[in-house]
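Here is a short briefing for a reader meeting this structure for the first time. Look it over, then read on.

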Amino acid sequence: MRINDLGELSGDLLLFGGVYSNLHSLDALIEYAGQAGIPPENAICTGDIVAYCADAAGSVERIRNWGCPVLMGNCEAQLAADAPDCGCGYDEGSQCSLLSRGWYSHARRTVSAEAKEWMRRLPDRIIFFHNGLRYAVVHGGASDISKFIWPTTPKVVFKNEISVLEAEVGAMDRVISGHSGIAFQVNVNGVTWINVGAIGMPDNSGRPETSYVEISGKNIKNKVLTYDINAQFEAMRRAGLTQGYHETLTSGYWPSEDTLPPDMRRS
Ligand SMILES: [Fe+2]
């Protein structure tokens, strides 16, 4: 268990994740941070720099050059281990399984051995204080890096995840997470669980723009990221990544709802 303790942070925070190899959205986020006067040490990435889109190696390089704290996502863990798939735990033969064969093999092929070694050293948890609140950052869940947690997930599941996390890092006021690709907040016994969503792919609501979170004081702001969608669409087309996620960039809907619980599916 690698824990990165950032100590006390001051000023506004940017919390983001799910870059998913979308270099155009990452560039837009970094540009916004500059305009807002938020330094990279106050921008925390919840992992999955690499996934569905065209610029796996370029996205890793850009985020490393920017220098923000990065948590290990399952995509980084799997690439670092040179595993054959993304480790989401989907059923063999499911649509997610078929779709991942396209983007995962592209990422595995294009990300350098040196970058995979950098991924291997990423922390499993990030902790910090900010404006009197203690924060802990996980990727999917505390019990499982690839655990899908949704706003409709039963409270007992959140309580269990928070208990696991508290045993590792001590009590916290807020949990920051990613992985599932949909931003939400849930309050459980005085702890606020914040999923920051994803900047690299829309959230299946039909809106092409993507999501991140900004924290100002103690206020949690759900933010919408606008970026050059057409440029990333073309980059995916040129790379042959046309299994379905390229159309998600413009439609705002996922090509597969396999990972979603039934009460959050469109049909
Ligand atoms: Fe993930």
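**Rings, metal and core**

The charged end of Arg 266 sits over the ring of Tyr 253, at 3.5 Å from the ring centre. The model is predicted. The points below cover its ring pairs, its metal site and its nonpolar cores.

**Aromatic pairs**

- The count of aromatic pairs comes to 10.
- One of them joins Tyr 32 and Tyr 212 in a tilted arrangement, with 6.0 Å centre to centre and 55° between the planes.
- This pair links distant parts of the chain, 180 residues apart: Tyr 32 belongs to helix H1, and Tyr 212 belongs to strand E9 (residues 210-216).
- Tyr 212 has a relative accessible area of 3%, so it is buried; the cut-off for buried is under 20%.
- Phe 158 and Phe 184 make an edge-to-face pair, with centres 6.3 Å apart and planes at 80°.
- Phe 158 is in helix H6 (residues 155-169) and Phe 184 is in strand E7 (residues 184-188), so their pairing ties together parts 26 residues apart in sequence.
- Both Phe 158 and Phe 184 are buried.
- Tyr 20, Tyr 52, Trp 103, Tyr 104 and Tyr 245 are linked by ring pairs into a cluster.

**The iron site**

- Four residues coordinate the iron ion: Asp 48 through OD, Asn 74 through OD1, His 139 through NE2 and His 179 through ND1.
- The coordinating distances run from 2.0 to 2.2 Å.
- The arrangement is irregular because the 4 donor atoms subtend angles of 87 to 142°; a tetrahedral site would need all angles between 85 and 135 degrees.
- Along the chain, the donors follow the spacing D-x25-N-x64-H-x39-H.
- Asp 48 is in the loop between strand E3 (43-45) and helix H2 (56-66), and Asn 74 is in helix H3 (residues 74-80), so these two tie together parts 26 residues apart in sequence.
- Asp 48 counts as buried because its relative accessibility is 3%.
- Asn 74 also counts as buried, at 1% relative accessibility.

**Nonpolar cores**

- The largest nonpolar core holds 52 residues.
- Phe 16, Ile 49, Val 50, Ile 63 and Trp 103 have the most contacts inside this core.
- Helix H1 (residues 23-36) supplies the largest share of the core, 6 residues.
- Beyond its neighbours within four places in sequence, Val 50 is in contact with residues including Tyr 20, Cys 75, Leu 79, Trp 103 and Met 119.
- Another core lies apart from this one and has 16 residues, among them Ile 127, Ala 136, Ile 162 and Val 186.

Terms used
Residues are numbered from 1 along each chain as its sequence is written. This is a predicted model: local features need pLDDT of at least 70, side-chain atom pairs count only at pLDDT 80 or more; totals for chains, interfaces and linings use all residues. Side-chain values use heavy atoms; hydrogens and water are left out. A nonpolar core is a set of buried Ala, Val, Leu, Ile, Met, Phe, Trp, Tyr and Cys residues joined through side-chain atoms within 4.5 Å. Buried means under 20% relative accessible area, exposed over 50%, partly exposed in between (1.4 Å probe, protein chains only). Helices (H or I, at least four residues) and strands (E, at least two) are DSSP runs, numbered from the N terminus. Contact means heavy atoms within 4.5 Å. Donors are N, O and S atoms within 2.8 Å of the metal (3.2 Å for Na, K and Ca); water is not among the atoms, so sites may look incomplete. Four donors count as tetrahedral if all angles lie between 85 and 135 degrees; four count as square planar and six as octahedral if opposite donors are over 155 degrees apart and all others between 65 and 115; anything else is irregular. Rings of Phe, Tyr and Trp (its six-membered ring) pair if their centres lie within 6.5 Å; planes under 30 degrees apart count as stacked, over 60 as edge-to-face and the rest as tilted. A charge sits over a ring if NZ of Lys or CZ of Arg is within 6 Å of the ring centre and within 35 degrees of the ring normal.
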